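Take a look at the chain below.

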Amino acid sequence: MSVEPLDRSVDRRAFLARAAALAVASAAGATVAAPSMAMASNALLASPGAGNRNRALDRPNAYTKPRPEAVADPTELTIAEAAWLIRANKITAEQLVEAYLARISAYDGIYQAFNLVLADAALAAARDAVRGARHGALHGIPVVIKDNYYTEGVRTTANSFLFKDFVPPYDATAVARLRASGAIVLGKTQMGPLATTRATTPAGVITTVNAWTPTNRNTDPGGSSTGTATAVAGRMAASGIGTQTGGSITAPSNAQNLTGLKPTMGRVSAAGIIPLTYTRDHPGPLARDAKDAAIMLTAMAGEDPADPRSQGLPDVPDLIDAATPVYERNRVKLRWNTRIGVLPGFTNGTSATALARQACLAQLAAIPGVTLVDVPLPDEWSQLTGSTFNNVRLTERSEPFMPYLRADLRGFGVSVTSWLQGALLGGNEFLTGQRAKLLLMERVLNDLFDACDVVVQTDPVPFDILGLPEIAFPIGFTAARVPIGTILGGLPYAEDRLLSVVAAYQATTDWHLRRPADPPAPATARSQAPAEVPRLTAEQVAELTQ
């Protein structure tokens, strides 16, 4: 029997109050320190709720009997399928790690998804997992970490000149919680320089490719969590984590046929992550389906004494059950009756994207419990979500990096422009932007969500501005076999509702089960690649930066 989610009206009021307080804290300079100023904290490992997380990860719905084709190739397994096999003693963590390391060795020279592969440490952790106590569905599962998360004793560079030699003394909270849940870290993944654009070198030379078109660097792989997306899509990891400030989980997930979940601001601690924007940095998973995203978020989420943004929030709901399809008489139905808001123009046109959106809405509408509702955009939407107000984020970006800006601008490489813009932005502009943000939030929570429970998104940025949760998931392909995805946005702390909708959709479609073909041999790939590797200029990065 599914229990209806709690009344979200209380969450809306509380979230609006928290957002106002966070804006004040940001204006007062309560930001996350850059790495050279960071202090290790034992609180990261002493965070509450570890026992509850492991119990949540060991419930029946966290395990899924694997598909036959996945049993034949361990790198094809979802987390839930691999967990089922590990629990049944049909595969070991070491066998899983070896399978993924074999793909990394064979293909990452083409994909360029990794900054650093931790093969020896991963194998050692896998052997320990065989002997140690089992923690639940993440026990023995190989994952990858975006290179702006602190990893104890392992370089964390944010793909930048500034931190090329930075070795953190502790794990980021999210990483520590994944390890405590039994996950095995395969390595650190490529990202946009300082989390700004798609993955390039700090000087702007494009590195990581889209796993679906590995010989064409011009196909957007999504950024800035590019390497994590390519590693998971290319079957070099079971899942991974990224960060989102302006679309950096949802964009690479949509670009590479993954299910990416950006939780509500504060749902996952950002302690131990090289900062970008204090009021918008969201850690979250990039996964193969809704169930895997739920498993990853269950391990990562919860209050952390090292991050005030994570404190005092509603309890983490049962995400794994929410991501488990519900059947009635062998037919999938929605776990909770849900009104899906459709924004004006969402399905307009005859492009591949428009057709995929039309088919997606038709598929959703056929699921019992779904009601599609046309919803208008709130008043002054374009102005409140446009670049004028969106650019106030740049001040928060620059503030913790001022010592670096004063010392040597060359350390910022190709992404320097946005840091300079932030440093030069006036205080009155920043404060006006904060008031505009609160007005936008009030209109979204009280007007937009008055008519619906979740809403389709054409751009993740408005919900990133507000800190509201979003989930990206695949809905089709172009004629060139490039994935097409879409995004649903939800009310604060309602990740369970988003997961339930996507789980039902994925139970009735197979887009999320499709994988890219293996890339050509390195020599063939080099012969098919352009003679000169493309490079993003500082101007292009400034235009594309999140």
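Which side chain does Lys188 meet in a salt bridge? The partner is Asp147, at 2.9 Å from N to O. A salt bridge here is a side-chain nitrogen of Lys or Arg within 4 Å of a carboxyl oxygen of Asp or Glu. This pair links distant parts of the chain. Lys188 belongs to strand β3 (residues 184-189). Asp147 sits in the loop between β2 (142-146) and α7 (173-180). The two are 41 residues apart. Helices (H or I, at least four residues) and strands (E, at least two) are DSSP runs, numbered from the N terminus. Both Lys188 and Asp147 are buried. Buried means under 20% relative accessible area, exposed means over 50%, and partly exposed lies in between, with a 1.4 Å probe and protein chains only.

A word on the source. This is a predicted model, in which local features need pLDDT of at least 70 and side-chain atom pairs count only at pLDDT 80 or more, while totals for chains, interfaces and linings use all residues. Residues are numbered from 1 along each chain as its sequence is written, and side-chain values use heavy atoms, with hydrogens and water left out.

Back to the charges. Side chains of opposite charge can pair when their charged atoms come close. By the salt-bridge rule, the count comes to 23. One of them joins Asp518 and Arg103, whose closest N and O atoms are 3.0 Å apart. Asp518 lies in the loop between α20 (495-507) and α21 (522-528), and Arg103 lies in helix α5 (residues 93-111), so the pair ties together parts that are 415 residues apart in sequence. Asp518 counts as partly exposed because its relative accessibility is 38%. Arg103 has 10%, so this residue counts as buried.

Another salt bridge runs between two strands. Lys262 pairs with Glu470, and their closest N and O atoms are 3.6 Å apart. Lys262 is in strand β5 (residues 259-262) and Glu470 in strand β12 (residues 470-477), 208 residues apart. Lys262 is buried, because its relative accessible area is 0%. Glu470 is buried too, also with 0%. Elsewhere, salt bridges that share partners join Arg67, Glu69, Glu76, Glu81 and Arg515 into one network.

Now the cysteines. A disulfide is a covalent bond between the sulfur atoms of two cysteines. The rule used here asks for a pair of cysteine sulfur atoms within 2.5 Å. By this rule, the count is zero. Cys452 counts as buried because its relative accessibility is 0%. Cys360 is buried as well, with a relative accessible area of 4%.

Finally, turn to the surface. Where is Asp379 found? Asp379 is in the loop between β10 (370-374) and α13 (381-385). Its relative accessibility is 57%, so Asp379 counts as exposed. Asp379, Glu442, Asp447 and Asp450 form a negative surface patch. Such a patch takes residues with over 30% relative accessible area and no salt bridge, joining like charges within 9 Å.

Val342 is placed in strand β9 (residues 338-342). This valine is buried, because its relative accessible area is 9%. The C-alpha atoms of Val342 and Ala113 are separated by 35 Å, and the two residues are 229 residues apart along the chain.

Note on methods
Patch = residues over 30% accessible without salt bridge, like charges linked within 9 Å, V, L, I, M, F, W, Y side chains within 5 Å. Areas by Shrake-Rupley, 256 points an atom, 1.4 Å probe, with all protein chains shown as cover. Lys, Arg positive; Asp, Glu negative; His and termini not counted. Charge placed at Lys NZ, Arg CZ, Asp CG, Glu CD.
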